[in-house]
Amino acid sequence: MWLRALAACALFAGVAAGASAAPSVQYDVTVRIDPATRALDATATIAVTGTVADQGPLRIVLASGFTGERLQADGRMLPAPSAGRDGYQVWSLPAGHDAHALDVRWHGTLAPVDRTITHRQTLDRPVATAGLDGTFLPAGSFWYPVIVGPDGPLLASYRVTLDVPAGERGIVPGRLVAESEADGRYHATFAFEHPAEGIDLIAGPYRVEARTVHTAGGSTIALRTYFHPAIAGLAPAYLDAVKGYLDLYERWIGPYPFTEFSVVSSPTPTGFGMPTLTYLGESVLKLPFIRATSLGHEVLHNWWGNGVYPDARGGNWSEGLTTFMADYAYKAREGPDAAREMRLGWLRDLAAVPPGQDRPLAEFAARRLATSQIVGYDKAAMLFVMLRDEIGTAAFDEGVRRFWSEHRFRVASWRDLQAAFAAAAGRDLGPFFTQWLERTGVPSVRVVGAERRATGDRYAIRVTIEQGVPPYALRVPVRMRTVAGDETLVLDLGRSRETFDATLGARPIALALDPEFRVLRRLAADEAPPILRQLMVATRSAVAVIGAGADWSAAARRLALRTLDTRPRFLAAGDAPPADTALLAIGRHGDIDAWLAAAKLPARPAGLADTADAQVWAASRPGGAPLVVVSARDGAALDTVARLMPHYGQQSFLVFEGERVAKRGVWPSQAVAWRFE
Ligand SMILES: [Zn+2]
C-alpha cells in the first residue's frame with residue numbers, strides 16, 4: 001500500500017491545481033525556525049508584475065495558524081483579513097493596479113510532527129510541522145503568503161534564506177546560492193528562477209554528502225543527500241543511483257533542467273517528489289529496492305511534472321508518462337515477462353474498479369482515492385504502451401523529446417502531448433487520444449466465433465470478434481497456435497462485430513486474444529484471477545469462523561475487523577452466507593477442508609498443503625462473489641495474518657511461517673482462448 005503512496009508527489013499536495021502562467025510573481029523570503037520550540041518567524045517581499053489587471057482580483061492567502069504582523073501592499077497597510085474557507089486568512093489586493101510590491105512579516109508556532117499520520121492524510125491536508133527529528137513546510141500548507149488569482153495560486157519564482165540552529169541543515173527546491181554557519185546558526189539561501197508551483201521547505205538534523213557529476217548530456221550537476229545520522233552510510237549508494245537515472249533520462253528526453261538534485265530523509269514514512277529533490281521517509285530509504293524503483297520515478301518527475309506542468313483543467317498526464325518511463329521501463333529492462341506482468345497488474349486493477357466508479361482519463365487531476373489512482377496511473381501508463389505500439393519506438397522517442405523542448409517550464413495538456421507525437425509520427429492521432437481520454441471505462445473485446453478450413457496445403461481461418469457499442473478503434477494481436485508453432489496476427493477493429501479472414505501455412509489448433517496484454521480492455525473473468533484485495537474492498541461481506549474456543553474466536557474476529565474495509569456480518573454456526581456477498585472463512589487446518597466441502601465451496605488449491613503456520617487464498621464463490629479462506633494452526637498464527645495480510649492485497653495466496661510471509665503469488669491468468677474442434 002505504502003509503495004503506491006510513494007509515487008505521489010508534492011506537486012499535487014495542494015497549490016498546483018489551476019496554477020496559471022501569468023502574471024509573474026517573485027518572492028524574497030527570509031525564515032527563521034527553531035525546531036525545539038517550533039517557532040517560525042519570517043519576512044517576505046513579493047513583487048507581482050505583468051498583466052495583473054487582466055487577471056481579475058488577486059488575493060493573499062496564509063494559513064490561519066500564523067499571525068501577520070505587518071502586511072503592506074504598495075506602501076499601505078492592508079485592512080484586516082477575512083477568514084477564508086477551511087482555516088485560511090485572506091487579504092484582497094487593491095484592484096486596478098499594473099503591479100504590486102508587498103512587504104510582509106509573520107510568525108507562528110508550527111504543529112508537532114505526527115508520526116501516526118498516513119501519507120494519504122499528508123496529501124489531503126498538508127500541515128506545516130516542526131520538531132527535532134525534522135521540519136517540513138509543504139507549499140500546500142500555506143505557510144507563507146501565497147498570491148492567488150481567479151484560477152488558483154500563481155506560478156512564482158523565489159529566493160529563500162533559511163535560518164536554523166547550527167546542528168541542523170535545511171533545503172528548499174532550487175539552486176543553493178550561499179550557506180554559512182556563524183553564532184550558533186546555519187544560514188542557507190536557495191533560488192528558483194523558473195516559475196514554480198509553490199515553495200516547500202525542509203530542515204532536520206542532517207548529515208550532508210555532496211558530489212559534483214558530469215552527466216551523459218554534458219551537464220554539471222550538484223548531487224546531495226540530506227540524511228538522518230542513522231542512515232548516513234547509505235549516501236554513496238544513493239548518489240550513484242541518482243547519477244544513473246540522470247544519464248538515462250538525459251539520453252532519452254533531453255538535458256536535466258536544473259543544476260542540482262538532492263535526496264532528503266523524512267522522519268515520517270511519506271514520499272514526495274519536488275523540483276530538484278525527493279523527500280522520502282527514513283524507513284523507506286533503508287529498503288534496498290527503493291533505489292531501483294521509486295527513486296528513478298521521482299528523478300523523472302523533474303522532467304514530467306516539475307519541468308513541464310500538467311494542465312489541471314485538461315487532465316494530469318504526468319503520472320501516467322512517469323509510470324511508463326520509470327516503473328514500467330525498469331520492468332522492461334528486467335525482461336519481457338516482468339513487463340507483461342506489470343501490464344496484467346494494471347488491467348487487473350482496472351477490472352476491480354466497481355461499475356460506475358471509473359472516470360475519463362481527461363478528468364484525472366491528482367491521486368486521492370484508489371480508483372482515481374488506477375485511472376490516473378495505470379490507465380494512462382497503458383495508453384503510452386499502446387501509443388508506442390501504434391507509432392513505433394523511434395517516433396515515440398522523438399515525440400517525447402519534441403514535447404520536452406517545446407513545453408519546458410510551461411503548462412501543457414494531453415492535447416499538447418498528442419500534437420508532439422503526431423508531428424513525430426507524421427500522422428493524425430486525434431481519434432486515438434480522443435477515445436482513450438474522453439470515454440469512461442475500457443472496451444470489452446471477445447472472440448465469438450472461429451472457423452478453420454483446409455484449402456490444399458494451406459488453411460483458411462475466419463474469426464469473428466465483438467466489442468461494445470459504440471466501438472473503439474483497436475489494434476488487437478491474436479496469437480494463432482498451429483501445429484508448426486505460434487503466429488501472431490494483428491487485427492484492426494473498428495466495428496461492434498466484425499469478421500476477419502486469414503490464411504495460415506500450418507493447421508491451427510487454438511487462438512488467443514491479446515495474450516500479452518497490450519490492449520487497454522476489460523479482462524474476462526478467467527483472465528483476472530481472484531486476489532485478496534477484492535475481499536478487503538467489498539462493500540458487503542460476511543465472516544464464517546469455523547471451530548470453537550474463546551481465544552480462537554477472538555483472534556478470528558480481530559483478523560476480520562482488521563482486514564475488511566467495511567464492517568462484516570459474522571455468521572452463526574450453520575448459517576448460510578447471503579448470496580452476492582464477499583465471504584471470509586477462517587478455520588483451523590484440520591477443520592477447513594471438510595467445511596469447504598460441506599458448503600460446496602472450491603477446495604484448498606493444490607500446492608497449499610496444510611503444514612505451514614497459516615495459509616490464505618483467494619477464490620470465487622459460485623456466482624462470482626469473492627471468497628478468501630484462512631487456514632491456520634492457532635490463534636497466534638491468525639494474529640500474524642491480521643498484521644501482514646493488509647499489505648498483500650494484490651496477491652492471490654500467502655503462506656505464513658512464524659512471523660513472516662514465506663510464499664506468495666497470483667493465480668495464473670488464462671488468455672482468452674478459442675479452441676478449434
Ligand atoms: Zn509520481
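**Reading a sheet and a core**

Modeller: This is a predicted model. It contains an open sheet of 5 strands with mixed pairing, in the order β18-β19-β20-β22-β21.

Colleague: Which are the edge strands?

Modeller: They are β18 (207-214) and β21 (271-274), since each pairs on one side only. From one strand to the next, the twist averages 10°.

Colleague: How do strands of a sheet pair?

Modeller: In general, strands pair through backbone hydrogen bonds, either parallel or antiparallel. Here, strand β20 (residues 260-266) and strand β22 (residues 277-281) run parallel and are joined by 5 bridges. As for facing residues, S266 stands opposite G281 in β22.

Colleague: Which helix packs on the sheet, and which strands does that helix touch?

Modeller: Helix α3 (residues 235-252) packs there, touching β18, β19 (220-227) and β20. The direction of helix α3 makes about 145° with that of β19.

Colleague: Now the core. Where do nonpolar side chains tend to be in soluble globular proteins?

Modeller: They tend to be buried together. In this model, the largest nonpolar core has 136 residues. Those that touch the most other members are I147, V160, L201, V242 and A381. Helix α8 (residues 370-391) supplies the largest share of this core, 9 residues.

Colleague: Take V242. Which residues does V242 touch, not counting residues up to four places away in sequence?

Modeller: On that count, V242 touches L223, F261, V263, L295 and V299.

Colleague: How many residues are in the second, separate core?

Modeller: That core has 41 residues, including A542, I546, A555 and L559.

Notes. Residues numbered from 1 in each chain as written. Predicted model: local features only at pLDDT ≥ 70, side-chain atom pairs only at ≥ 80, totals over all residues. Core = buried A, V, L, I, M, F, W, Y, C linked by C-beta atoms within 7 Å. Buried ≥ 20, exposed ≤ 12 C-beta atoms within 10 Å, placed from the backbone. Helix = DSSP H or I, 4+ residues; strand = E, 2+ residues; numbered from the N terminus. Contact = placed C-beta atoms within 7 Å. Pairing = 2+ DSSP bridges. Axes fitted to C-alpha atoms, helices over the stretch in contact; angles between N-to-C directions.
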